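Here is a briefing for a reader who is meeting this structure for the first time. Please look over the sequence and the model before reading the points below.

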Amino acid sequence: ARPSLGCYFGRVLGNNRMGRNWRGSNRIEQFSLKKRKYLGPTSMDSELSLIMTNLALIDKGSFVFDPFTGTGSILLTAALRGAYVFGTDIDLRVLRGRSEDENILANFKQFNLPPPELVRCDNSLYHRHFRSHLPLFDAILTDPPYGIRAGARKSGSKRDEVRPVLDEHRHDHVAQTKPYAVSDVMADLLNVAAMTLKMGGRLTYIIPSMKDFNEDEDLPRHECLKLVSVCYQPLQTELGRRVVTLEKTNEYDEQKQAQYLESTWLNGAQSAEKCANIRERLLEVAKKKPGYEEKAAIRKQKRKLNKETKKRAKREQAAQAQEMLEDKSHHV
């Protein structure tokens, strides 16, 4: 007798024959990071951003917030869904961009999207920047800084005494910042989501983790938010990342804020530590592999050569510019 066949039912999102389509011909490739005018080391790839908008149920007219905007790649994808987007970041230079042609607004203009609302803001002090007693957002999408490529910062100074900023310097002053512990980053993120999401609104975020991460015990949690889904993507043998989606199911009680923050991590510092110092832990694992010292020495030598080559090219360029100036002065 012939063996029974398994039948699977579902929606086809894309395949090779379809050109990995997204509601049209090659739209994934159309919105690829490679084609954008403004990028940074932490820009989220378009496919994962699209998945996040699906998980957060983003639709036309949704009001979406990203408290760690960076170069705005997640906001752009939400805008492609027809959402109104609002983003904040503590780094004013990233929000401003490199030039008039290389910034977040240039990316939105490139795809004929309305410009986002951008504010330089510290998420650890959200309640001091914005109204927090009424729900506002349909969804919060974000990729918090964990220190793998960019470390988290918050307002403040390491010094005991801080000099006041003079009035004439306030227009272009970049405020001082200090390190922002990953445990506090996540506690504040979930607390802000619980405060500002509408009932039924969703928080979708990325969290990196090593092999020893336990979803049942180590994921941050909040009394007002229910876990909807966790999608795991392996990146290396030891490292992966999870796309976590939470939904607001209970009203926020301002009187319990301290309790909310204290109960974010089920096992306290032990759970929080598994999301922190990822770079250092990866380095420790790499050092245990055979041939690490030799490979590290080769990489170091390459970096040194590249640095020297760039310096030499700069000196030659400066010398050529100086020669051109001298030639012009002789002709005059």
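This is a predicted model: local features need pLDDT of at least 70, side-chain atom pairs count only at pLDDT 80 or more; totals for chains, interfaces and linings use all residues.

Residues are numbered from 1 along each chain as its sequence is written, and side-chain values use heavy atoms, with hydrogens and water left out.

**Aromatic rings**

- Rings of Phe, Tyr and Trp (its six-membered ring) are taken as a pair if their centres lie within 6.5 Å, and such a pair is stacked with planes under 30 degrees apart, edge-to-face over 60 and tilted for the rest; by this rule there are 8 aromatic pairs.
- The pair of Phe-65 and Phe-86 is stacked, because the ring centres are 5.2 Å apart and the planes stand at 20 degrees.
- Phe-65 belongs to strand 1 (residues 63-66) and Phe-86 to strand 2 (residues 84-89), so this pair ties together parts that are 21 residues apart in sequence; helices (H or I, at least four residues) and strands (E, at least two) are DSSP runs, numbered from the N terminus.
- Phe-65 is buried at a relative accessible area of 0%, and Phe-86 is buried at 9%, where buried means under 20% relative accessible area, exposed over 50% and partly exposed in between (1.4 Å probe, protein chains only).
- Phe-65 also forms a tilted pair with Tyr-126, at 6.0 Å centre to centre and 55 degrees between the planes.
- Since Phe-65 lies in strand 1 and Tyr-126 in helix 6 (residues 126-129), that pair ties together parts that are 61 residues apart in sequence.
- Ring pairs link Phe-63, Phe-65, Phe-86, Tyr-126, Phe-130 and Phe-137 into a cluster.

**Nonpolar cores**

- A nonpolar core is a set of buried Ala, Val, Leu, Ile, Met, Phe, Trp, Tyr and Cys residues joined through side-chain atoms within 4.5 Å; the largest one has 34 residues, of which Met-186, Leu-190, Leu-203, Tyr-205, Ile-207 and Leu-225 touch the most other members.
- Two or more residues of this core come from each of strand 4 (137-142), helix 7 (182-196), strand 7 (197-210) and strand 9 (239-248), and helix 7 gives the most, with 9 residues.
- Another core, of 26 residues, lies apart from the largest one and includes Ala-83, Phe-108, Phe-111 and Val-243.

**An exposed residue**

- Lys-307 is placed in helix 12 (residues 292-331) and counts as exposed at 55% relative accessibility.
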